[in-house]
Each structure stands twice: as structure tokens, then as C-alpha cells.
Amino acid sequence: MKNTIVVGAQWGDEGKGKLVDVLAEQSDLVVRFNGGGNAGHTVMHAGETYKFHYMPSGMLHGKVCILGTGVVINPKDLLEEIKSFTDAGHKPKLWISARAHVIFPHHQLIDAKEGGKIGTTGRGIGPTYSQKASRINLRILDIIADNAQERIKNALKDVKDILIYENIFTEKAYLEYCASISVEYAEYGKTFKPFVTDTEDLVRIAGNSDEVVLFEGAQGTLLDLNYGTYPFVTSSSTLAAAAFVGGGAIPGVPIRILGITKAYTTRVGEGPFPTELDGEAATNLREAGHEYGATTGRPRRVGHLDLFALRYAIRISGIQELAMTKIDTLALVNGIKVCTAYKIDGKEIDYFPADAPTLELVEAVYTDVPPITDLTKKEWSGLKHGSKADLPESIRSYIKFIEDFVEIPITILSHGPERNETIVF
Ligand code: IMP
């Protein structure tokens, strides 16, 4: 297998966790490069369900896993995740970038106050990245330093005005916070120290050898800070390009860019969603696909597959091939359509609107699709890898229709949460 970047091609929750778990088997190194605990990757293996927020899904294969420089880390949550993984009998082989930024409780408090209008996950992601950009945040290398407590107290001075002005803390509560958090986070630093390194070097060395590196994106292309449905986006770049900036992928080294799309569309949080379903149709699809957020448990908004948005995501992220997940779910619902164009004021447009209020106004133009054949697990498992010829006509034509529209191939089809419920063409 070639070095691969895996990214979501929709608004997140496309099933990247499962696909990374599948692909990790043939990889040596798995690298996360963006986001933080806002991601929720569900992986099922040997009857157990694992929910990762930080750890790359390659962990289950015992692969070397990296949290790269572009990731923001809540040390407390990461430690809990490591502990539950270790308690389940696994041995994490984890490296953390010294340059990754740290999420503190005050970031979560600011997020809780301000994130409502976007519908954030409340994990403090936006405030951490914004203080990173303002150059007033701390990195992992600060909390592992010998003078970590001092560094933390100094950094908190820089955000004091913000915290008091935003009514996050009173003066007294702020002082208590500084005293307790500097001790607590310096302790996390001591625990993390053995896992911290210049992860870019590990990636570079692997990239220059025969080792296979798998880059695991979080969230989805349409949640990208620059190219997504701003302001209803996350605070990091979710494009394949972010694997270079935040994960240490080296420009020029050949790389495969695999986008993940569901056979339909989902979104959590606020923001435009041109193919959104409501009423009974939405409930049926949500229940059929168990569409509830892995991080927040929120019911996901659901809708038809939006090929117009998917083609935009493919173009801006440079996606070369697609893995399609949850085709089995689509077989359980009636009235399947795919959106093939957007109209504004009755006229078709040839661009994906950058302006969220304009995107709210678009009318999705649909093409009806024949019902997807509902195969039993046994029938699915009898299908051959390597060729689409074996697939039932309804699935073959659904795939072909999508491939013709987006002009790249679907090379993987996922028909259930388990590793073996995956067909590679
Ligand atoms: P934040 O990343 O918590 O700041 O949330 C910003 C927006 O991105 C919200 O609409 C979230 O619901 C959405 N979001 C963040 N992470 C994920 C994810 O992993 N899957 C789906 N949506 C996400």
C-alpha cells in the first residue's frame, strides 16, 4: 500500500475511524494531523466497540500512532482514553508532537459560552486554536518542561483579561484556577513526557524508507475552516493538505488521497444543509443508520447524498478515490435520491456558494435512484473483492452514477461496522 491520507468528504462522521482501522493493518505508522477531542471515531472489532477521540484508529492493530503538530490536546481526556485502552488489554504505541497545542479547561468554558450559535462539540477546540493563532497558548513542550508550573502561570496571565471580561471567572476564581491548573497540568506533563517527541522526524524517516504512513483526518472537508461552510465549521483545516502542515507529510513524496463519504449525508451542529430531510423520512434514515454523534450523542441531521457538495469537496481536497460507507443503511430506506445540481432563484449555479446564507437559499435538484438491494450479512460476505461485477445491479448502478458525476472511482465499499464488512475493488 502507498502512503495514504484519509479525509472526510462531507461534514464529518463519514466512517473514517473504521476505514483507518481497516487500512492500518497494512501501514506502519498512523498519524492524526488536525482537530482534537471533537472527533469521535467508532471502531468495532471482535465484538467490542471502541470510541476514540484522540488516538488514531490504528491503535487496535498495535501500530505506531502519532498525534501530530496540528492536533490540539486535552491531556486529561487523552490520559483517560489511554487508560481505558490499556485496561482493555491493549498496549498503545503512541507519540505526541512536542509542538501540539494544549486544551485547558478555560478553553472549554469559553466554548460553552460562545459555541452555541455554531453548535460546537463543546470540547474547547475553537478557543484553543484561536489562542494558538494569537500566540498566547501553550504547547505540549511547555507542560513537560521542568518549569511547567511557571510557564502555565505566565500563560494564564495573558488570558486573564479575556477570562474576567467574558465573565468566565471572578478575580478570586481566576487566582484559584491558576493555582490548581498549574499543578494539575504540570503533573500531566510528567506523565506524558516519555511519549513526547518531534513527531515530524518520525514521519520523515518513515516516508523516506519503505514504511507505509497513513494520515488520519478528523471531521470532514465541508467543516474546513477556510473552504467549508463558514462560519459553521470547525477551527482547523480538514483538507488533505492539512496532513502536510499538521502531520509532517512531505510534499513531493507520492501519496494517495482517499476521501470517505457515506451513501447519504449527515451533519451535526448548525449550518446549511441543502439536502436535509425532515419528518418521518429523517427519523427513518437516522434510526436505520444509528445516526447519533459519537462525541456528544446529539441526533445527527440526515439527508440525501449531495453529489454537488461532494464534487466540491473532492476538488478542494484533491481526493483521488472514494470509500463509500453505510450502503447497507441506504437499503433500509425508501425514496432514495441524489442531488446533482443547485438552483438559486430557479437558475442552476455552477459553483458551491462560499456564503452560508446563500447556501441556505439553494434549492437542491434531485435525480431519483432505484431502491438499493437489501442484502443479508451472508450475501454481503459472499461478494468478491477486486471487481464490482458481482454487486447487485442496484448497487452497481448507484456506484457508477456517483463515479460518473464526481469523476473519481469508488474503490472501497463498507457495508457494516466490522472490519470484514468492507469490499475493496
Ligand atoms: P467544534 O469543532 O467543536 O468547534 O465544532 C464546530 C462544528 O464542527 C460543529 O458544527 C460540530 O458539530 C462540528 N464537528 C466538530 N467535530 C466533528 C466531528 O468529528 N464530526 C462531525 N461534526 C463535527
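Modeller: Let me get one term out of the way: a disulfide is a pair of cysteine sulfur atoms within 2.5 Å. By that rule, the structure holds 0 disulfides. Keep in mind that this is a predicted model. Cys-65 counts as buried because its relative accessible area is 0%, under the 20% cut-off. Cys-178 is buried too, because its value is 10%.

Now to the ligand site. There are 15 residues around the ligand, and Asp-13, Asn-38, Thr-121, Thr-234 and Arg-298 are the closest. By type, the shell splits into 6 nonpolar, 7 polar and 2 charged residues. Two domains contribute to this shell: domain 1 (3-72 + 201-424) and domain 2 (101-194) each supply at least three residues. If you colour the model by those ranges, look for both colours around the ligand.

So what do the polar atoms do there? Start with Asp-13: an N or O atom of the Asp-13 side chain sits 3.0 Å from a nitrogen atom of the ligand. Gln-219 also uses its side chain, with an N or O atom 3.3 Å from a ligand nitrogen. Val-268 takes part through its backbone, where an N or O atom is 3.2 Å from an oxygen atom of the ligand. As for how much of the ligand is covered, on its own the ligand exposes 470 Å², and the protein buries 97% of that.

Let's stay with Asp-13 for a moment. You'll find Asp-13 in the loop between β1 (4-8) and α1 (16-24). Asp-13 is partly exposed, because its relative accessible area of 23% falls between the 20% and 50% cut-offs. The backbone is worth a glance as well: phi of Asp-13 is near 60°, a positive value in a residue other than glycine. Why mention that? Most residues other than glycine have a negative phi, and most peptide bonds are trans.

His-290 is another residue to check on that score, with a positive phi near 50° although it isn't a glycine. His-290 belongs to the loop between α10 (279-288) and β13 (301-303). His-290 counts as exposed because its relative accessibility is 63%, over the 50% cut-off. That loop between α10 and β13 also holds Ala-294, which is buried at 16% relative accessible area.

The bond from Tyr-230 to Pro-231 is cis, with omega near 5°. Thr-221 is also in the loop between β10 (213-220) and α9 (242-247). Thr-221 counts as buried because its relative accessible area is 0%. A polar atom of the Thr-221 side chain lies 2.7 Å from the backbone oxygen of Gly-8.

One side chain with two partners comes next. Asn-137 is in the loop between α4 (125-133) and α5 (140-143), and it is buried at 12% relative accessibility. The Asn-137 side chain makes a polar contact of 3.2 Å with the side chain of His-101. Asn-137 also reaches the side chain of His-107, with a polar contact of 3.3 Å.

Last, here is a pair of examples on sequence and space. Asn-74, in the loop between β6 (72-73) and α2 (75-87), is buried at 4% relative accessible area. Asn-74 and Gly-37 are 37 residues apart in sequence, and their C-alpha atoms are 7.3 Å apart. Now try Lys-93, in strand β7 (residues 93-97), which is partly exposed at 45%. Lys-93 and Ser-134 are 41 residues apart in sequence, with 33 Å between their C-alpha atoms.

Terms used. Residues are numbered from 1 along each chain as its sequence is written. This is a predicted model: local features need pLDDT of at least 70, side-chain atom pairs count only at pLDDT 80 or more; totals for chains, interfaces and linings use all residues. Side-chain values use heavy atoms; hydrogens and water are left out. A residue is near a molecule or strand if one of its heavy atoms lies within 4 Å of it. A polar contact is a pair of N or O atoms within 3.5 Å; within protein, one must be able to donate a hydrogen and the other to accept it, and residues adjacent in sequence count only if both atoms are side-chain atoms. Accessible areas come from the Shrake-Rupley method with a 1.4 Å probe; for residues, only the protein chains shown count as cover. Ala, Val, Leu, Ile, Met, Phe, Trp, Tyr, Cys and Pro count as nonpolar, Asp, Glu, Lys and Arg as charged, and the others, Gly among them, as polar. Domain bounds come from an automatic or database domain assignment. Buried means under 20% relative accessible area, exposed over 50%, partly exposed in between (1.4 Å probe, protein chains only). Helices (H or I, at least four residues) and strands (E, at least two) are DSSP runs, numbered from the N terminus.
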